[in-house]
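Look over the sequence and the structure first, then read on by topic.

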Amino acid sequence: MTTRIRQGAPRAGAVPYLFLAPAMVLFTLFMALPIGYTAYLSLRRTKVSGLGLGAGARTEVFAGLGNYAAAIGDGELWAGWLRVLGYGALVLALMLGLALVFALMLDAAHVRLAQITRISIYLPYAVPGVAATLMWGFLYLPGLSPFGDHPFLSAGLVTFSMANVAVWGGTGFNMLVLYTNLRAVPREYYEAARIDGAGELGIALRIKIPILVPAIILTTVFSVVATIQVFTEPTTLRPLTNTISSTWSPLMKVYRDAFVTGDLHSAAATSMAIAGISLAVSFGFLRVVKNHAFGED
Amino acid sequence: MRVYQLATAAILVAALGAACSGGSGEPSATSGGGAASGGPVTLTYWTWVPNMDKIVSVWNQAHPDIQVTVSKQAGGDDAAAKFLTAARAGNPPDLVQAEYQMLPSFVAAGAVADIKAETAKARGEFGEGVWGLVTLGTEAVYAVPQDSGPMMLYYRRDLFDKYGIEVPKTWDEYAEAARAVRRKDPKVFLGTFSSKDPGWFAGLAQQAGAQWWSIDGDAWKVAVDDEATRKVASYWGGLVKEGVIDDTPYFTPEWNKALNDGRLLTWPSAVWGPGVLSSNAPKAKGKWAVAPLPQWNAGENHSGFWGGSSTAVAAKSAARAAAATFATWLNTDPQALGLLIEEGAVYPASTKGAALMTEAPGYFSNQPDFWKQAAAIGATARGFTFGPDVNVTYNAYRDAFDKAVADRSDFTAAVRTMQDTTVADMRKTGFTLAQ
């Protein structure tokens, strides 16, 4: 009996790795290798001699951290971060605020037509970002808009107009996450609260929201990461207006460098920098809220 | 535990941003070739000419040993970026439609082949100016010219009559007409300045005599902010600031609507304009007419080029000779030219092709001498050498002029931004620049 266990012990050590293998292989192939390759590219640059026209006039050389220095020293990238910060603050506050309000309202016992309301709030999430942005774009264009001749895409309003697209598309999903969490709360809590004399508002503020905090933090982190990567909305709206530059958001700058101006190496360095910043932001946020979010740990 | 999961999710999503930068790497085998195996050579061809598959099927019938497959592209800058990326990844098509302004970028990236030996026969079929666009002024030949885009002024003849405006012969008259139109109907504009179409602006600069790039020995000379270009920029900037010219970019839904509703009276465009007008403004069929571009000085007779493209062979194509033979046939053979005109709505660059254009496009049935006019205007068009980083310059145009238009600020400053961005990029990459 004991010998069998001893024989089995090393095998038990290998088995977890066997189970892990598919995930590890996929991670290596589709995450680690591309990231490694991006890091490699970011340390190199193209060097041209003379007119750069004949064969062999273009070579790839080691650039050290030159691309990073250029990326970090580029004011346009930081201006992009600032724009995204303003946009993100709008989106986060509006989208999560609305999602929370909707979830609480739907969860309140006596809402009629709850199911249809829930689906119709969720539905925009099912519309692909490009389609949603194009649709809103046409609603914004002064010449075509059914809302009349308003400068929705002017320099002063374009951030709000873009945030509106994101809020419209994202509220439903976040509402659903919060709502599902609320439905899992044992009903006895509310009964106890009612016996103690709490009204619906009191229950929402003192019981439901505190219970929801971990879910709110989860949706916040996802929204922050999505905001840092905002690309679809501004890129789709750009041909319709002259208020969105090709470097409006940091990821747009990466796209421009890689595919419009053909400088893959700068693009690689910038994307590594962006990845670093978004990691720092999401980790930093988690650290700050850890104790509130994960009381059970 | 959940912190860890969240963190992992954050890493994954963050890394997506990092991973989207594509790859380069060493060339692998291309899709072309097959000559060695004894079967027919198969070629892939990226193009956005409408109905190219029909034209190619004529070639395929007559040449069972060289079979061409057409892959329809979206056109414009996206198509160029896609080709450059495919070439870098070692997987380009054998043949590609290359706009003249993008060809130097393709050459500088080593993405297209020198097909001088294979195209010796084609040389005599093209004029001096258009041939220079595919040689870049060097000894090599990088493509076979396909179509060209001499610029002319499209105008609404019926509405000109209605508002009592003469066809402007100079840009001064054009500005006067713009003011007159606004006085007569504040909902209508004579024209619009497009901050999204650098090729259009380049054509207007060419008309004014600009030379954005030139080759001086072994060095590039960049003069995007030369006097001619500054003149064009400050002219349009003044009109936009004055509010007598609209700023809706071309090819946008709003522009289409304005054209359709008769709220835009002119479009300084190229010879391929009828195709755009007929699909974007079908309601105005038979109401437009064409005239030479307004001139900077009365009595002059100049035009520029907007667009136009060539057929290039990828450097990594395994069947270069076959591809060059096809490219030559497509752009010089009378049957192919006839098909290009009829099926592809192309204005051929070859001298023989231009002579084949007789019947006016349906949209311009009111102007039976359309092609005669076009040929006369085409003869006055002057171009310039394009540099190896036109994509950088053009992107700078969009960003700088978007901002200048939105702020109603100085257009010559936008031109200076284009110049500075172009020079900075060329210097960074290591091109030799003349001072």
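In chain B, the centres of domain 1 and domain 2 lie 28 Å apart, taken over C-alpha atoms. Domain bounds here come from an automatic or database domain assignment. This is a predicted model: local features need pLDDT of at least 70, side-chain atom pairs count only at pLDDT 80 or more, and totals for chains, interfaces and linings use all residues. Residues are numbered from 1 along each chain as its sequence is written, while chains are lettered from A and ligands numbered from 1 in the order in which they are written.

**Domains of chain B**

- Domain 1 of chain B covers 30-148 + 308-365, and domain 2 of chain B covers 150-305 + 383-429.
- Where they touch, domain 1 of chain B gives 20 residues and domain 2 of chain B gives 21 residues. Two residues are in contact if their C-beta atoms, placed from the backbone, lie within 7 Å.
- On the domain 1 side, helix H3 (76-88), helix H4 (103-108) and helix H5 (128-135) of chain B are the elements that give two or more residues. Helices (H or I, at least four residues) and strands (E, at least two) are DSSP runs, numbered from the N terminus.
- H4(B) supplies the largest share of that side, 3 residues.
- Ala, Val, Leu, Ile, Met, Phe, Trp, Tyr, Cys and Pro count as nonpolar, Asp, Glu, Lys and Arg as charged, and the others, Gly among them, as polar.

**Chain A against chain B**

- 53 residues of chain A are in contact with 54 residues of chain B.
- Elements of chain A that each supply at least two residues to this side include helix H1 (2-42), strand S1 (44-48) and helix H8 (200-228).
- The largest share of the chain A side, 13 residues, comes from H11(A).
- That side has 32 nonpolar, 16 polar and 5 charged residues.

**Confidence in chain A**

- Chain A averages a pLDDT of 87, and 92% of the residues score at least 70. pLDDT is the predictor's confidence in each residue, from 0 to 100.
- Among the elements of chain A, H1(A) has the lowest mean pLDDT (81) and helix H6 (residues 158-183) the highest (94).
- Residues 1-5 of chain A have pLDDT below 50, and beyond near neighbours in sequence this stretch has 0 contacts in the model.

**One loop residue**

- Leu123(A) sits in the loop between helix H4 (114-122) and helix H5 (129-140) of chain A.
- Leu123(A) counts as exposed because it has 10 C-beta neighbours inside 10 Å. A residue is buried if 20 or more other C-beta atoms lie within 10 Å of its own, exposed if 12 or fewer, and partly exposed in between, with C-beta atoms placed from the backbone.
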